[in-house]
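Okay, thanks for coming, everyone. Let me put the model up on the screen, and then we'll walk through it together.

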Amino acid sequence: MFDRDVWQEIFNTIKTNKLRTFLTGFSVGWAIFILVMLLASVNGMENGFYNQFNDDATNSIFVRPGVTSKAYGGFEAGRRIQLENDDMEYLSKSFPEDIEFISARYYTNVTARYKSETGTYSLQATNPEHQFIEKTIVTSGRYFNEADQINKAKVAVIGKKVAEDLFKDEEPLGKFVELNGLSFRVIGIFTDDGDVNAEQRVYAPLSTYQRIYGNTSNINMIALTYNPTYDVPRALEFSEKLEDLMKRRHRIDPDDQAGMYVFNYAEAYDNINSFTAVLRGVGIGVAFLILIAGIVGIGNIMVFTIKERTKEIGVRKALGARPNQIINLVLLESVFITTISGFVGLLFAWMILAAIGPTIQSPAFSNPSVNTATVVTATVILIVAGVLAGLIPAMKAANVKPIVALSDK
Amino acid sequence: MIEIKDLHKSYKMGSNSLHVLKGINFKVEEGELVAIMGSSGSGKSTLLNILGMLDGADSGEYNLDGVPIKNLSETKAAQYRNKFLGFIFQSFNLINYKSALENVALPLYYQKVPRKERQEKAMKYLERVGLKPWASHLPSELSGGQKQRVAIARAMAAEPKVLLADEPTGALDSTTSYEVMDLIQKINDEGNTILVVTHEEDIAHMCKRIVHLKDGVIVEDKKIEQVRAEQYV
């Protein structure tokens with residue numbers, strides 16, 4: 001394969017048929033270009049989807065109450081469901097094995113003030129474990145802990161953006177910020193991957209806020225992560241069980257979709273995965289159909305070359321070339337042409353994507369790119385294509401009778 | 001060296017069968033220089049094809065250096081050709097994008113001789129045909145006589161048992177023809193067995209034995225006084 005003589009022959013045939021080789025190579029390069037662009041687009045869509053919730057742990061489940069749409073258990077439809085602290089405790093006791101982290105969420109908007117700077121931000125009052133569910137990255141200071149929760153401490157963890165807005169160049173840690181007129185000590189600053197809005201948020205202990213708002217035990221929703229060792233079917237099974245339990249607890253018709261929402265990321269991921277898998281399959285399919293034209297082209301040029309070289313092949317056979325040596329030569333040439341032209345197409349697609357990819361940032365489409373899987377897919381397709389294209393010509397070449405070397409016409 | 005017994009060969013032409021070789025019996029000893037003569041259609045090309053293992057016989061025996069040649073697979077035939085036979089063609093059949101040296105080295109390549117050794121050996125044979133200075137030239141840069149000498153060097157490079165020459169002077173003028181025959185005679189002098197197919201009387205008389213074919217049978221097989229080509233060069 002890495003024989004100098006073999007390559008000398010391949011280069012010679014290519015050299016003597018430059019235009020022909022270029023034209024047929026182009027069709028293969030073009031097919032690969034389209035393949036890569038399609039796969040990159042699917043990638044971009046996938047990235048776009050994942051970006052929609054990539055600031056949360058991928059094994060998250062959110063439990064959100066709604067308004068019932070069906071009468072059930074003696075209650076009329078249209079009843080507003082309210083979650084309370086008990087619900088969370090109930091869940092953590094019911095599923096000690098399944099739940100990794102669990103936290104309640106209580107939201108409100110606050111007007112924050114520090115010295116003369118003010119701003120309105122959304123505040124989430126949560127349990128300490130919420131940090132891991134939301135993947136909050138504390139860059140300085142700390143997140144609030146169980147002790148803060150028990151003491152109903154007036155402490156706040158503020159987003160990077162909030163810190164920049166209110167404190168300018170001052171160090172916010174340990175300073176007091178006014179939230180709706182009440183003084184909170186800043187104990188931490190956080191950032192959040194991929195979600196700029198999250199950095200305009202303030203976190204505070206749930207207990208603190210429940211006391212401020214009239215000693216309530218109401219919460220808006222429950223966020224939890226399931227055992228990360230679970231696969232998708234197991235996660236779905238768990239969230240269904242959880243939904244049933246919550247509906248029973250709040251006397252909601254099991255078929256009532258509006259009374260209680262249990263949103264499982266696993267399900268969403270699963271849906272996206274199967275959706276993008278279909279798209280990717282369609283992409284590969286379309287590109288493959290285009291590639292067939294290229295394969296036929298290369299096969300055609302090879303048949304032609306063999307025809308022109310019939311005599312030479314005959315001479316080689318008379319000199320002792322074995323049929324499989326001739327087959328190897330033709331297949332190698334075919335694979336060589338397809339691979340080179342394919343990689344040129346790949347390179348072009350890659351350059352275009354590298355140039356414009358990062359500039360595309362819409363919610364449904366972001367950073368279309370060529371990944372290793374795409375390159376591997378393309379390479380495998382190319383080699384298979386090359387072999388396919390060379391197969392018939394190679395067999396034709398192997399069948400050349402050495403007698404032609406003797407028939408001097 | 002070569003032993004042929006009752007060789008028959010016919011070709012199917014539609015519904016008709018053309019009986020080309022009708023029982024050839026023929027023996028060549030080592031070191032002979034044999035001319036096979038005959039007009040076109042006499043079966044001399046078919047005989048050469050069979051001798052060259054390019055075609056199989058219908059019936060009869062063919063032994064080459066004690067090895068029975070029968071029912072060979074393509075691969076086996078290729079191996080035998082490479083090992084036993086050197087071909088010299090009328091139109092030289094050099095590979096036009098390979099230099100003289102590379103052309104001569106080609107049979108050695110199929111013998112899987114390492115590249116360096118191959119080139120040394122090829123150079124040795126090129127020197128023997130007097131073309132060492134032209135080693136790096138492409139065939140298109142050589143004259144007809146030079147091309148045939150490169151082809152002879154190529155045929156000899158694999159050190160075959162028998163050289164088969166099919167009209168080796170067919171494409172050459174008389175002076176160059178004699179030069180080539182001179183070379184063939186000298187190679188024969190060294191003890192190599194050579195078969196020359198020709199229809200030219202003067203070329204045939206430069207061999208040591210003439211076998212005359214007509215309508216698929218040997219009509220004449222005689223030893224002759226060899227005419228040395230040297231005197232015409």
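So, over how many bridges do strand S1 and S2 of chain B pair, and in which sense? Strand S1 (residues 2-13) of chain B pairs with S2(B) over 10 bridges, in the antiparallel sense. In that pairing B:Glu3 sits opposite B:Lys27 of S2(B).

Quick housekeeping. This is a predicted model, so local features were kept only at pLDDT of at least 70 and side-chain atom pairs only at pLDDT 80 or more, while totals for chains, interfaces and linings use all residues. Residues count from 1 along each chain as its sequence is written, and chains are lettered from A and ligands numbered from 1, in the order in which they are written.

When I say helix or strand, I mean DSSP runs numbered from the N terminus: H or I with at least four residues for helices, E with at least two for strands. Strands pair if DSSP finds at least two bridges between them.

Back to that sheet. It's an open one, with 4 strands of chain B in the order S2-S1-S4-S5 and antiparallel pairing. Strand S2 (16-28) and strand S5 (67-68) of chain B are at the edges with a single partner strand each, so one side of each has no neighbour in the sheet.

For the complex, the predictor gives an ipTM of 0.88 and a pTM of 0.65.

B:Lys112 has a positive phi of about 60° and is not a glycine; you'll find B:Lys112 in the loop between helix H3 (100-110) and helix H4 (115-128) of chain B. Is B:Lys112 buried or exposed? B:Lys112 counts as exposed, because it has 8 C-beta neighbours inside 10 Å. The cut-offs, using C-beta atoms placed from the backbone, are 20 or more others within 10 Å for buried, 12 or fewer for exposed, and partly exposed in between. B:Glu159 also has a positive phi, near 50°, and with 13 neighbours inside 10 Å it counts as partly exposed.

Now chain A. It has 12 helices and 14 strands, and buried residues make up 40% of its 409 residues. Look at helix H11 (residues 323-356) and helix H12 (residues 372-398) of chain A: their axes come within 7 Å and cross at roughly 145°. Axes here are lines fitted to C-alpha atoms, for helices over the stretch in contact, and angles run from 0 to 180 degrees between N-to-C directions.

Last, where do the chains meet? The contact takes 17 residues from chain A and 23 residues from chain B, where contact means C-beta atoms, placed from the backbone, within 7 Å. On the chain A side, H10(A) gives the most, with 4 residues.

Terms used:
Two residues are in contact if their C-beta atoms, placed from the backbone, lie within 7 Å.
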